[in-house]
Every structure is written in C-alpha cells, then in structure tokens.
Amino acid sequence: MSASSCSLFNLPLIRLRSLSHFPLSSLRSVSVPISPRKFRAFSTMTDCKDAGMDAVQRRLMFEDECILVDETDRVVGHDSKYNCHLMENIEAKNLLHRAFSVFLFNSNYELLLQQRSKAKVTFPLVWTNTCCSHPLYRESELIEENTLGVRNAAQRKLLDELGIVAEDVPVDEFTALGRMLYKAPSDGKWGEHELDYLLFIVRDVKVQPNPDEVAEIKYVSREELKELVKKADAGEEGLKLSPWFRLVVDNFLMKWWDHVEKGTLSEAIDMKTIHKL
C-alpha cells in the first residue's frame with residue numbers, strides 16, 4: 001500500500017473493552033456512539049490530503065478537545081484539535097482556543113528551548129519555547145481559579161513532550177505572567193488562533209524528549225537567544241522560530257528574564273490584560 005493512499009488502516013483506533021468473555025456465536029455488531037462534531041472531524045481527517053499525517057499526531061488531532069473562548073477568555077464551547085487548527089475554520093468561524101506557553105529556566109537562568117518534531121502538523125521543525133500546547137476540555141484543565149487548569153495542563157504536557165516528571169515541575173511552581181491573543185497561519189491549510197497563557201518556572205529538571213513531539217532541545221543564555229533570533233532573521237541554517245515565541249521575545253521576554261534572575265517574577269504578573277498581538 002502506498003504512503004499516500006487513503007485506507008481504513010490509517011484511521012485512529014476506537015478501543016473497546018475486551019469481548020473475550022462473550023461466546024463468538026452471540027456476537028453480531030457493535031455500535032459506538034459518536035457526536036456529530038467528532039464525526040465531522042473524523043470525516044474530514046480521513047480525507048486523502050491527510051493520509052500522510054503521522055499516526056500519533058492524527059490520534060491527538062482527533063481525540064484532543066480544545067477549549068473554545070471568546071476574546072475576553074470566556075469559555076464558549078469546545079472542538080477537536082483538528083478543527084481548531086484548520087485555517088478555514090479560523091477565518092470563517094473565528095475559532096479561538098485557549099493555549100499555554102511554558103518558559104522553563106534552570107538554576108543558571110538559562111531558558112530551555114525545543115525544536116518541534118518534523119511530524120508536527122503545525123510549524124514542524126521550528127524552534128520555540130520549552131513547551132507549547134493546550135488545556136483540554138476536561139474538568140482538571142477547566143479550573144479557572146488561580147489559572148489552575150492551565151497549570152495542570154502544562155504539567156501534563158511537559159511529561160508528554162519532554163519526559164519531565166510531575167515531581168520536577170510542581171503545579172504551584174508555575175507563575176502565570178500574562179495572556180496574549182494572536183493568529184498565525186502555518187502552511188495555508190493549518191494555523192493557530194490562540195489565547196495564550198504565558199507560564200514561567202525555574203527548576204532544574206531531567207529531560208527525556210519524546211521524538212514524536214520534539215526533534216531537539218537546548219538551553220540558551222540571554223545572549224545566545226539574541227544570536228538565535230539574529231540567525232532566524234537572516235535565514236541562516238534554515239532556522240525558524242515559532243510565531244508565538246517570537247511575539248513573546250519581542251514584547252515581554254527580556255524584561256521578564258530580569259525578574260527571573262532577581263527572583264521577582266511576582267512583580268511582573270498582569271493577568272488582567274489580554275495583549276492582542
């Protein structure tokens with residue numbers, strides 16, 4: 001079978017409990033209820049245009065339910081990660097979802113960066129901050145008090161993407177410094193339209209990157225980051241930065257880095273403003 005062919009074998013699996021305790025003669029058919037929204041996402045996702053999508057990324061695009069918000073960050077619904085990242089939905093329906101960006105510094109005040117995996121659907125192989133993802137539409141990640149839901153999601157994704165265990169990044173150690181709203185197309189079909197929570201944490205951690213999510217990692221000093229930005233601007237070595245990371249670098253990061261080094265992050269917190277960038 002060619003890599004580009006459409007096949008049921010490429011579709012995400014729906015896991016059922018074991019049927020081994022039923023006699024085979026009693027088995028007829030099994031109906032699995034699925035919401036109209038998920039059916040539409042599933043139908044779109046099985047299009048030939050997406051046949052080459054990495055299996056892990058396909059599963060996440062279908063199974064993960066992002067939190068839809070309005071421009072004041074009020075929850076207005078939920079939809080699949082797949083639907084939320086289609087530019088046609090972003091433009092036609094103005095779909096906006098909640099997101100977070102983690103900036104993890106070690107005890108030398110160096111920032112951990114990652115290069116996104118080649119398999120990522122949006123912005124593959126670009127360099128970005130430590131971890132960027134979405135709180136999901138589930139009880140533990142919808143908690144708005146003290147941004148607990150977003151911090152729970154950040155802890156979950158640091159393990160998923162970088163193998164950083166929860167004990168190394170306690171939820172209470174994250175500081176939410178602010179929020180920004182931005183829109184960025186990726187390749188014409190895919191893009192981002194996010195209300196992004198910016199989370200900072202200073203911890204020494206053990207990192208074991210997940211190759212499905214991360215191609216490479218490195219710690220950078222402030223000066224090394226400035227050099228990285230210059231290379232990206234000049235197009236050297238094919239280096240690219242994610243649009244959300246670049247927005248943070250250009251608007252907030254350097255002054256917040258001062259607070260990281262001084263231990264005064266709490267002085268930089270502004271969760272009332274939503275910066276539209």
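A: In this predicted model, the axes of helix H6 (residues 222–234) and helix H7 come within 12 Å and cross at roughly 170°. An angle over 145 degrees counts as roughly antiparallel, so H6 is roughly antiparallel to H7. On the H6 side, the contact is made by Arg222, Leu225, Lys226, Val229 and Asp233. They meet Phe245, Arg246, Val249, Leu253, Met254, Trp257, Asp258 and Glu261 in H7. By type, the residues of this contact are seven nonpolar and six charged, with no polar ones.

H7 itself covers residues 243–262, which is 20 residues. Phe252 is among the buried residues of H7, which are Trp244, Phe245, Val248, Val249, Phe252, Leu253, Trp256, Trp257, His259 and Val260. Of these, Phe245, Val249, Leu253 and Trp257 also belong to the contact with H6. As background, an α-helix has 3.6 residues a turn, so residues three or four places apart point the same way. After H7 comes Gly263, with a positive phi near 70°.

Twelve of the 15 are buried, so H5 is largely enclosed by the rest of the structure. The buried set includes Arg151, Arg156, Lys157 and Glu161, together with Val150, Ala153, Ala154, Leu158 and Leu162. The cover over them includes strands E3 (97–105), E4 (111–116), E6 (131–133), E8 (191–202) and E9 (214–220).

Backbone angles around H5 are worth noting at both ends. Just after the helix, Gly163 has a positive phi of about 65°. Thr147 lies in the loop between E6 and H5. Thr147 has a phi near 50°, a positive value in a residue other than glycine, and is buried at a relative accessible area of 14%. Leu125, in the loop between E4 and strand E5 (127–128), likewise has a positive phi, near 65°, without being glycine. Leu125 is partly exposed, with a relative accessible area of 39%.

Key. Residues numbered from 1 in each chain as written. Predicted model: local features only at pLDDT ≥ 70, side-chain atom pairs only at ≥ 80, totals over all residues. Heavy atoms only, no water. Helix = DSSP H or I, 4+ residues; strand = E, 2+ residues; numbered from the N terminus. Expected span 1.5 Å × (residues − 1). Buried < 20%, exposed > 50% of the residue type's maximum accessible area, 1.4 Å probe, protein only. Axes fitted to C-alpha atoms, helices over the stretch in contact; angles between N-to-C directions. Parallel < 35°, antiparallel > 145°, perpendicular 65-115°, else oblique. Contact = heavy atoms within 4.5 Å. Nonpolar A, V, L, I, M, F, W, Y, C, P; charged D, E, K, R; others polar.
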